Each structure stands twice: as C-alpha cells, then as structure tokens.
Amino acid sequence: MPAQRTRRRRRVPAALLAPAVLGLAFLILPLAGLLIRAPWAELPARLAEPEMLAALRLSLVTATSATALSLFFGVPIAWLLARGDFPGRSLLRALVTVPLVLPPVVGGVALLLVFGRSGLIGAWLHERFDVTIPFTTTAVVLAMTFVSMPFLIVSVEGSLRGADARFEEAAATLGAGRWTVFTHVTLPMIAPGVLAGAVLCWARALGEFGATITFAGNFPGRTQTMPLAVYLALQTDLEAAIVLSLLLLAVSVVVLASLRDRWTAAP
Amino acid sequence: MRAKPILATAAIALATLTACGGDDAEEEVTLTVFAAASLTESFTEIGELFEAENEGVTVEFNFAGSSDLAAQITEGAPADVFASADEANMEKAVEAGAAVDPETFALNQLVIAVPEGNPDGVTGLADLAGLDFAACAEEVPCGTATQTAFDAGELELTPVTFEPDVKSTLQKLTLGEVDAALVYRTDAIAAQDEVDAVEFPESAEAVNTYPIVALEEAPNADLAAAFTAYILSEDAQAVLEAAGFQQP
Amino acid sequence: MNTESPNTGLDAHLVVDRGEFRLDLRLRVAPGETVALLGPNGAGKTTALRALAGLESLSAGRIALNGTLLDRPKNGGEIDRAELGPENQNRSAATGRGTGPNTAARRRSGALNTDPNREPGEPADGPRYRWVPPEHRRIGVVFQDYLLFPHLNALDNVAFGPRRRGTGRAEARSLAADWLARVGLSDFTRRRPAQLSGGQAQRVALARALATDPALLLLDEPLAALDARTRLDTRVELHRHLAGHSGAAVLVTHDPVDALMLADRLVVVEDGRAVQEGDGESITARPRTDYIARLVGLNLYRGRGSGSAVRLPSGTTLQTGEPLEGEAFAAFAPSAVSLFRERPDGSPRNTWRATVSGVHRHGDHIRVQLEGPLRAAADVTPAAAAHLRLEPGQTVWAAVKASEIRSYPA
C-alpha cells in the first residue's frame with residue numbers, strides 16, 4: 001500500500017559521515033580553488049571569443065557522438081559479457097578495461113598504430129579510399145570512444161548482472177522473442193545503469209585530453225576540444241585556462257543535472 | 001647528542017654507512033633544478049658532471065614545459081635553479097620577484113624534421129606547402145618561433161596540427177602521421193636515427209634563447225650560483241653543443 | 001481458441017537430468033482440469049513447470065499440448081544437444097537404449113521398455129525432434145514471486161502478452177483493462193508493481209498470464225508469498241478463475257491446503273517421481289508415503305498384511321480393523337493414540353512401551369512424539385498431558401485400538 005513507500009530520514013553513522021565529509025572536501029576544494037582564482041571580470045570577454053566557443057561546441061558534439069557510439073557498441077558488449085556463455089569471457093572482460101588502465105597518451109599512440117596513416121587499418125583506408133583519420137574530428141570521436149566506452153561497459157554489465165534474468169523468462173512465456181525481451185524488458189530494467197554508464201562515459205569523453213591530442217592532434221575548430229584549449233591556454237595564461245575550465249565544468253554540470261532530473265525521477 | 005656517547009657512536013656509524021666512506025665533515029646536499037623539457041638529455045649529463053666535481057652534492061631535476069615550471073616557481077615551489085626554454089617564461093619568474101638577472105646559456109634554432117632520407121625532397125619552408133606537417137601551437141615557445149619564421153619568409157602555411165610541445169610535434173613525424181615537422185635542432189638531433197634535419201634561413205629570425213638563473217628563494221643559494229656558473233663553463237657548453245644547441 | 005488442433009489438453013512425459021537429480025514425470029491434464037503437483041521442496045515440481053513452459057529443455061520424453069508437440073529431444077545420436085548431460089549423450093550414442101545408469105534406473109522403475117521418447121499411442125512416423133521456444137507456446141505462467149515488470153504499470157503488464165502475440169496497442173490495453181476488472185483491480189491499472197500489495201500483485205500476475213488465452217496455465221506456488229489472511233481471500237479468488245479457465249492448468253505447491261482446494265487432481269511428487277496420484281479424498285485417506293502422511297497428519301507404516309494384522313519390517317505387528325494379505329500400508333491418526341503411565345488392560349489390541357522424544361503444543365491439544373518399536377505422533381489433551389507429566393525422555397505406554405488403524409494395499 002502507498003504507506004509503505006514513505007521514506008524515513010535516517011541518521012548517517014558517524015563512522016561513515018566523517019570520511020564522507022573529508023572525501024567531499026577533497027573533491028570539492030580544488031574546484032573552490034579554481035573559483036577563487038577565476039578572473040570574473042574577464043569572463044564575459046573570454047566567453048565571446050569565437051575560438052573558445054568553437055572549442056566548446058566541438059567538445060560537446062564529439063563527447064556526445066562518442067557516447068552514442070559507446071552505447072551502440074558498448075551495450076551489446078556488456079550483454080555479451082554478462083549473459084554470454086563462451087570460453088575466454090573473463091579474459092575478454094579484462095581486455096575491455098584495458099583503456100581504463102592504459103595512460104591515455106599511450107592509448108592515442110595505439111590508435112595511431114591502428115588507424116594512423118601507416119597503421120594496420122589506416123594504411124589500407126588511406127590507399128584504398130584515400131581516407132586519413134588522424135587530425136580529423138572523427139579521430140577526436142574515436143579517441144574519446146576508446147577511453148570512455150569501458151566506463152559504459154562496466155556500468156551496464158554490472159546492471160545486467162544485477163538484473164533478475166527471470167523477468168526475461170517471464171517475458172518469454174508471454175510471447176516475447178529474444179530481441180523483444182531485450183528491448184522491452186531488459187533494457188528498461190537496466191535503464192538507470194545504462195544512464196549512469198552513459199553519464200560517466202560522456203563526462204570522461206568531455207575531459208579527454210591525452211588520447212585526443214596524440215591521435216587527433218590540435219587544430220582549432222576541427223580537433224581542438226576544450227581540454228586541449230585549456231592546456232594550451234595554461235602555457236601562456238593561467239587565468240584564461242581557469243576560465244575555460246570553469247566554462248567546461250559549468251556546461252557539463254548543467255547537462256548532467258538536467259539529465260538526472262529527467263531520467264532518474266522515477267522511484 | 002654529544003651528551004650521550006652511545007647515541008653519538010650510533011649516529012657516526014649510520015653516517016658512515018649512508019655516506020659510503022665520504023668525509024664526515026661534508027654534508028649531503030641536494031640541488032633542485034627546474035629545467036625546460038628540451039634540456040632533459042643534456043642537463044642530465046651535465047648534472048652528472050657537476051656531481052662528480054662537487055662531492056656530496058646530488059642534483060635533482062624537474063623537467064617540464066617552461067610555462068609549467070614558471071607557474072610552479074611563482075607559486076612557491078622549492079627550487080634552486082630555473083632554466084627556461086624561452087625568455088617569456090623567465091620573465092614571468094622575474095616579474096614575480098623569484099629571479100633577478102638571468103643569463104643566456106644556449107640558443108636553439110628551428111629545423112624542418114623529415115623522415116630519414118628526406119623522401120619529399122624538402123629543402124626549405126616553401127616546400128612545406130602541399131605537405132602534411134606538424135608544428136607547435138603558438139602558445140608554446142616553439143610555436144611562437146615557428147610563426148616568426150613563417151612571417152619572416154612571408155609564408156602562409158597551415159600545419160595539420162598545432163602540438164602542445166616540441167616532443168609531441170616530432171612524435172607525429174616518427175609515427176609516420178605527417179610528412180614533416182617543425183622542431184628544434186636539438187630535438188631533431190636527438191632523434192637522428194629516424195629523422196633528418198633540414199636547416200632553413202628563416203629560422204635565424206626565430207632563435208630561441210635559453211636563460212638560466214639561481215632563484216632568489218633558493219634553499220641552497222651558493223650551490224645554485226655554482227651550478228649556474230658551471231652551465232656557462234666549457235665542459236657544460238660542450239655537452240649542450242653536442243645536443244644541437246648553439247652557444248650564445 | 002485454436003480450432004485446428006484437437007482440444008486434448010496436456011500430454012507430457014517430462015524427463016530432466018540435472019547432475020545427480022532426475023525428474024521423470026508423466027502428466028496428463030485435460031482441458032478445464034487443474035492438476036496440482038504437490039511435494040516437498042527439491043522434489044522437482046518447479047523443474048517440471050519450467051520444462052513445460054520451455055524455460056528448460058527435456059533430456060528425454062516429450063511435451064504435447066492439444067496435439068502439438070512442443071518439446072521432444074533428439075536422441076537418435078546424430079547430433080547431441082548442448083543441453084544434454086554427458087550421461088545422456090552416452091546413451092544417445094548407444095542406439096537409444098544404452099547401458100547408462102539412467103537406463104538401468106528406468107528399467108527398474110518399469111516405466112519404459114522401448115524408445116524412451118515414443119509414447120504408447122504415438123505414431124511411429126512422428127517427428128523425431130521438436131523444440132518450441134517459450135514465446136511460441138500457448139502457455140501462461142504465474143510465477144511464485146509474480147515477476148511483474150517493475151517498469152510497467154499494471155495495465156501494461158497485463159497488455160504485454162497480447163501485444164507480443166500480435167494484438168494492436170489499443171486493443172491489447174482494453175483487453176488488459178477487462179482482465180484487471182475481472183480480478184477486481186480496475187482502480188489499480190496505473191499502479192506500478194512496487195505500489196501494489198502482495199495480493200494485488202498476485203491478481204495482476206494471474207490476469208497477465210490469462211490475458212494471452214493460454215491453452216495451459218502454469219502456477220508456481222501462487223499463494224506462497226502471501227500472508228495468511230490475504231492467502232485465504234486470494235485462494236478463493238484463484239479457484240474461481242481456475243474454474244473459469246477453459247484450458248488445462250498445472251499448479252505447483254508444497255501446501256496441501258492449496259492443492260486440495262484449487263486442484264481437481266493431485267500428483268504427489270517426491271524426489272523427481274510421482275509417488276501418488278488421485279483426487280484429494282483418496283490421497284488423504286490412503287497416503288502412500290511419509291511425506292503425505294505427515295501432510296495429512298497420519299502415522300503411516302508399511303509392512304506385510306496377514307489376516308487382520310500388518311507385520312512391519314522392524315518386527316512389530318499392528319492389529320488392524322479389516323483383514324488384508326500382501327504388501328500393505330497401515331495408518332492411524334495421532335488422536336487415535338492413548339497414553340498411559342502403566343500398562344493398560346482391556347480392549348486396545350495394540351499397546352507398546354514408548355519413550356517421549358518431544359512435546360509440543362499443536363492447536364488446542366498437545367502433540368507428543370514417541371520413539372520406540374513404533375515411531376509415532378500422539379495427540380493428547382492438555383489435561384492428560386499434565387496428568388501424565390509428559391516430558392522428553394519419559395517412558396509411557398501407548399495404545400491404539402485396532403478399529404482405529406486403517407490398512408490398505410501398498
């Protein structure tokens with residue numbers, strides 16, 4: 001009955017509260033440091049710079065594309081890892097997390113070795129179709145996808161393992177084929193996990209630097225994302241770098257908060 | 001400590017152990033040098049020479065981009081010596097009051113690095129038109145120098161990528177992603193197994209000067225001054241020259 | 001209703017091997033009939049249900065519903081099915097009769113002595129192999145914990161089946177609304193499962209299973225998750241819907257009351273096999289295993305009848321009311337046992353010395369567990385218990401009148 005849905009305020013045990021507060025301070029103080037150092041008077045002028053807007057737009061477009069790609073490939077991979085029954089599954093699971101461990105710059109080099117002009121696949125693409133991937137916006141998306149997809153896979157796989165597969169059996173007895181079961185039962189049930197994974201993935205893609213600069217280089221409007229712009233600004237002008245970082249932060253916080261309200265409002 | 005003979009004996013024994021038979025009277029000193037990333041190889045070598053001549057001294061380096069180092073120094077990092085790859089970043093340290101009267105100890109010039117054997121037959125800046133080449137971003141010293149050289153040659157050249165530092169610029173070439181890269185002579189020489197360096201006249205307009213200074217707040221002021229002087233000595237200059245630097 | 005296939009109901013021989021455990025159960029359920037599989041936990045009831053639903057495949061045997069073969073494993077030996085355990089693969093390779101341990105077990109049971117998959121009435125040219133996946137079986141399932149989809153409201157949960165079976169969205173919704181009305185939940189169509197009580201969720205689950213018009217309805221412990229009072233109401237309600245269901249129904253339960261009240265016929269399953277089958281009356285009157293005897297509250301013994309006595313393997317002889325020859329069961333109610341401090345004289349023809357091993361309150365009487373030549377339960381009044389000062393370890397005399405002991409052939 002509805003009464004059982006009421007929530008009671010629970011007191012947080014001190015043993016949890018103390019480290020939580022300290023940890024939060026550790027996470028939030030650096031942000032405060034940025035806010036304090038930020039040259040607020042310069043902010044409007046900075047925001048009006050076309051290069052900065054180009055970098056911001058490119059960041060949003062590429063991070064979102066990378067998230068879409070990660071969803072497209074990552075959810076099936078997660079399903080395979082969670083529900084598949086084949087030899088070498090645990091090895092595959094370990095391999096999927098390689099981009100998490102690999103320093104992003106190395107990831108970028110690895111991508112060059114495959115998709116670069118003389119890479120394994122890149123050389124063929126170059127000769128056959130006259131397509132070169134490095135130094136293009138596509139390269140930015142690929143670099144972001146490479147480093148951020150594991151976040152999505154790990155999150156979705158966790159949700160899939162946590163989901164009760166008997167609901168899928170129940171759907172089958174009601175006449176749902178395997179694909180319908182997936183789209184109508186499995187996916188809606190793990191939606192919070194997919195969303196969490198997508199958010200992590202998007203955030204990671206947005207902050208991506210190492211693999212992008214290595215694989216896609218830095219060219220304003222084409223491959224220069226916000227983190228690259230921030231890094232270069234840091235070379236000459238600390239305050240400009242802070243402004244850029246804050247802008248990136250503000251945009252991502254707004255996007256994530258609005259997503260949260262829309263998607264996680266359900267009980 | 002003197003009051004307790006047993007402890008004193010123990011302390012001496014310990015000192016003997018750690019100093020490996022060194023003179024008890026001389027103290028162990030660590031000199032901290034903040035140096036531009038492009039100085040990594042040569043300064044490491046010079047540091048070893050300096051240690052050999054000054055017993056009990058250990059030289060520790062912090063190699064990074066000059067602007068990062070300048071920022072660290074102005075924020076109060078405990079460094080003895082600052083060697084910058086350009087004057088602009090040194091100027092920041094001077095303005096912040098961290099340094100006084102830096103001295104130029106080396107010059108570096110841009111070259112066009114090309115794959116070994118120069119397959120595209122590059123002879124000068126003008127040949128870069130139509131090629132995919134990498135250059136440094138204008139925000140970093142090598143990028144500023146590149147732009148100056150372009151301006152001197154009255155050339156409108158656009159690289160495929162503006163790299164954040166000279167090492168990654170060169171890396172794009174060694175990975176085969178570009179046909180040429182505008183890098184410092186020192187970097188091209190360091191990678192001479194893989195790349196050839198093509199000199200070009202416009203680079204004379206964009207000579208990069210490397211200033212060094214003993215910092216005002218240096219924990220080891222005397223030693224810092226000694227190291228700075230040593231960099232200008234013949235021995236150290238020979239090392240720098242072998243790496244591709246020119247003498248000031 | 002499907003007019004093409006004969007309306008013959010369920011005809012199944014379920015054989016599922018899982019490691020050491022083997023389910024081997026024949027089951028026929030006529031349209032409109034409800035059969036309860038009654039048995040202790042781990043007896044294989046749920047496995048049987050899952051096999052019928054297609055959530056698990058048979059190792060051998062067959063399932064036919066209204067004349068349509070749903071599952072019949074290949075055992076010609078050409079291709080081993082992945083689901084088959086190694087034992088069965090061995091058997092398959094050995095021309096279907098083989099020498100595996102299961103074959104031996106089957107011969108002992110006398111259940112099969114020809115092709116294990118060929119039923120007596122089945123034509124020899126029937127399909128050798130058949131597997132219909134669950135989504136293509138006309139079977140509805142009510143799961144033990146209902147498994148209502150948490151992301152859908154009650155209406156969409158019920159509409160889910162019709163939608164998947166090709167009904168349009170609007171039509172499926174109105175059908176679902178009808179079903180929810182039939183189970184008395186018209187006001188709850190917009191509720192999510194988390195906002196429903198246990199009894200309501202159970203009714204939604206029933207409506208969801210029935211909304212696809214299944215030829216076979218399967219219910220897995222449908223009342224087990226409910227509290228006592230809800231259970232009573234829901235049981236009555238469920239009975240009404242089962243009575244109105246034109247297809248066959250199989251109910252799995254470990255609760256004899258559910259089985260007796262909801263089913264037309266009971267199949268008692270123990271250790272993967274049917275041990276007794278019949279209507280409630282015959283089973284409760286003449287239990288054939290300890291499990292059933294305990295369920296219906298009888299002391300049960302198996303022995304050999306000779307005249308009006310049944311001799312037990314332990315050597316004890318029970319004097320019974322009617323004469324019987326050969327293998328026999330003897331049963332009496334705990335209330336038929338009288339306890340005395342001294343050996344009684346007079347009419348009871350069965351008296352023995354017993355040790356009290358347990359004393360518990362049981363309703364308005366006291367149940368006494370007795371050890372000795374005859375292990376038995378006895379019910380006495382609290383007054384008698386107090387008078388006898390019953391406590392574990394104490395020795396008493398137990399007596400049962402011969403007329404209170406029922407005997408019947410084993």
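Reply: In this predicted model, helix H2 (residues 40-53) of chain B packs with helix H9 (residues 234-242) of chain B at an angle of about 155 degrees, and their axes are 9 Å apart. Since angles over 145 degrees count as roughly antiparallel, H2(B) and H9(B) are therefore roughly antiparallel to each other. The crossing in which H2(B) passes H9(B) is right-handed. On the side of H2(B), the contact is made by Ser42(B), Glu45(B), Ile46(B) and Leu49(B), while H9(B) brings Asp235(B), Ala236(B), Val239(B) and Leu240(B). Sorted by class, the residues of this contact between H2(B) and H9(B) are five nonpolar, one polar and two charged.

Turning to the chain as a whole, chain B is divided into domain 1 (7-107 + 209-243) and domain 2 (110-205). The C-alpha centres of these two domains of chain B lie 30 Å apart, and the contact takes eight residues from domain 1 of chain B and ten residues from domain 2 of chain B. On the domain 1 side of that contact there are three nonpolar, three polar and two charged residues.

Chain B also touches chain A, in a contact that takes 16 residues from chain B and 17 residues from chain A. Helix H3 (66-74), strand S7 (161-163) and helix H6 (166-174) of chain B each supply at least two residues of the side that touches chain A, and S7(B) gives the most, with three residues. By class, this side of chain B has seven nonpolar, five polar and four charged residues.

Methods
Residues numbered from 1 in each chain as written. Chains lettered and ligands numbered in written order. Predicted model: local features only at pLDDT ≥ 70, side-chain atom pairs only at ≥ 80, totals over all residues. Axes fitted to C-alpha atoms, helices over the stretch in contact; angles between N-to-C directions. Helix = DSSP H or I, 4+ residues; strand = E, 2+ residues; numbered from the N terminus. Parallel < 35°, antiparallel > 145°, perpendicular 65-115°, else oblique. Left-handed = near helix turned anticlockwise from the far one by under 90°. Contact = placed C-beta atoms within 7 Å. Nonpolar A, V, L, I, M, F, W, Y, C, P; charged D, E, K, R; others polar. Domains from an automatic or database assignment.
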